[in-house]
Amino acid sequence: MMKKKSSLDRRSFIANTGMAAAGLSISGCLTPNGSSSGSVRQGQIIKGRKLNIAAVGCGGKGNVDVRAVSSENIVALCDVDSARAAKTFGLHPNAKTFTDYRKMFEEMDDQIDAVTVTTPDHMHFPVALEAIKRGKHVYVQKPLTHTVAEARELTLAARKHKVVTQMGNQGHAGEGIRLAKEWVQAGVIGDVREVHVWTNRPIWPQGIKDPLPKQETPANLDWNKWLGVAPMRDYNEGYAPFKWRGWWDFGCGALGDMGCHLLDAAYWALELGYPTSVIAESKGLTDETAPTSSKVTYKFPARGDMPPVTVIWYDGGEMPPRPDTLEKDRKFSKGGGQLIVGSKGTIMDQSSYCSSPRLIPETAMQDMLKNNRIEKTIPRVPKGNPYQEWILACKGEGPTPGSNFDYAGPFSEMILMGNLAVRLSGQEIKWNGEKMHCSNLAAANELVHKPYRKF
């Protein structure tokens with residue numbers, strides 16, 4: 001279901017509706033696994049000294065991200081909600097505080113080496129792009145962006161400006177995802193033609209037909225800046241600070257929240273790249289919000305000597321069929337998990353980050369451990385810490401982070417393609433990934449981009 005233009009008019013959305021209206025543009029072509037540009041520019045960072053880090057988004061997950069990089073110098077903190085950010089502000093009394101990231105960059109440009117971006121999804125792109133254009137290294141929370149076109153633009157911008165990048169799908173730095181990839185590469189489960197991934201999300205309201213009624217805006221919140229590039233609407237606590245994920249103007253629903261975690265192992269191990277088609281079945285879909293539940297089916301072509309594969313995503317209580325090889329007394333995790341189904345066996349993981357992959361049945365796992373130990377061919381991230389992985393790369397003291405935008409950009413495009421299918425539920429999208437173009441549905445192409453409000 002696609003948002004109608006009339007609904008934009010009712011909410012007094014700006015007339016200028018292209019990226020150019022916000023000083024943004026989409027250009028260029030991207031192929032998965034393109035050349036990495038995560039090298040440190042000569043003279044930008046002095047080896048051995050701490051980075052000067054700014055953070056945009058300091059409450060909730062933002063507090064977690066700032067804490068995780070606090071081994072460095074936290075020089076600037078920006079948040080539109082002074083109450084939510086108070087704890088983080090208090091931990092870094094020497095950092096200068098802001099409510100507008102643009103003012104922060106203008107005043108402290110030459111004092112900032114790197115930036116963490118932990119805002120609602122709709123503001124990831126404008127903040128990260130501004131940082132990248134100024135030559136700042138960036139750590140951006142998942143999903144990387146709000147739209148397919150934004151993911152493409154950020155990836156190209158990172159290459160152009162030669163900055164170190166990392167998306168916050170922390171499981172990509174872990175041991176489990178490496179084991180799963182090594183097992184697939186070693187042929188332990190044979191040819192993979194089918195993947196099933198599920199989550200307990202949404203755990204916030206979705207399936208809402210109309211904007212929420214106006215409430216008084218809290219004194220601690222700059223609502224205009226919280227909305228940022230999104231269409232103007234009245235404040236309601238049903239949007240901020242937590243329940244924004246279900247609203248199309250701000251979030252990416254269940255798929256956007258957990259797809260970058262749960263689909264990561266299959267995307268990486270199977271070198272999936274771009275799908276050729278996507279179709280979704282949804283319940284409770286509206287113009288305003290994501291549905292109460294959905295099932296999204298991706299089709300990927302053959303890749304080298306790997307056969308075509310179907311990847312199916314389930315949320316809102318939808319679940320995959322139970323494998324015949326799974327023991328009767330073993331239950332699916334309610335929180336989420338995945339099944340990578342091969343011709344010789346199946347990998348099952350029942351965590352959000354592929355932290356504990358196992359072959360099923362358990363006898364197959366024990367047999368592999370006893371008789372067929374698989375060589376560890378993929379370098380490990382020390383302590384599985386994606387933040388330190390990024391910091392070391394920014395200093396030129398470590399390799400390019402695993403979830404850098406050359407990887408995370410195309411991966412995010414794949415995730416967000418699923419939302420195009422969700423919003424056009426029941427209609428198959430035939431997709432050309434390199435061109436970011438749907439050959440059979442004009443409505444899908446309209447959703448690749450989005451309009452931007454000046455604020």
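Which helices each supply at least two residues of the lining of the largest cavity? They are α9 (253-262) and α13 (405-423). This is a predicted model, where local features need pLDDT of at least 70, side-chain atom pairs count only at pLDDT 80 or more, and totals for chains, interfaces and linings use all residues. Residues are numbered from 1 along each chain as its sequence is written, and side-chain values use heavy atoms, without hydrogens and water.

**The cavity**
- A cavity is a set of points on a 1 Å grid over the protein atoms alone, where a 1.4 Å probe fits but cannot get out.
- The count is two cavities of 30 Å³ or more.
- The largest cavity holds about 50 Å³ of space, a volume being the space filled by probe spheres set on the points.
- Lining residues have an atom within 4 Å of a point; among those of the largest cavity are W248, D315 and V422.
- The lining has seven nonpolar, four polar and one charged residues. Ala, Val, Leu, Ile, Met, Phe, Trp, Tyr, Cys and Pro count as nonpolar, Asp, Glu, Lys and Arg as charged, and the others, Gly among them, as polar.
- α9 gives the largest share of this lining, three residues.

**The helix pair**
- Helices are DSSP runs (H or I, at least four residues), numbered from the N terminus.
- α9 and α13 pack at an angle of about 145° with axes 10 Å apart. Axes are lines fitted to C-alpha atoms over the stretch in contact, and angles run from 0 to 180 degrees between N-to-C directions.
- Contact means heavy atoms within 4.5 Å. α9 contributes L255, G256, G259 and C260, and α13 contributes F411, S412, I415, G418 and N419.
- This contact has four nonpolar, five polar and no charged residues.

Definitions and conventions:
1 Å grid on protein atoms, 1.4 Å probe; cavity = no way out; pocket = protein on both sides within 12 Å on 5 of 7 lines; lining within 4 Å.
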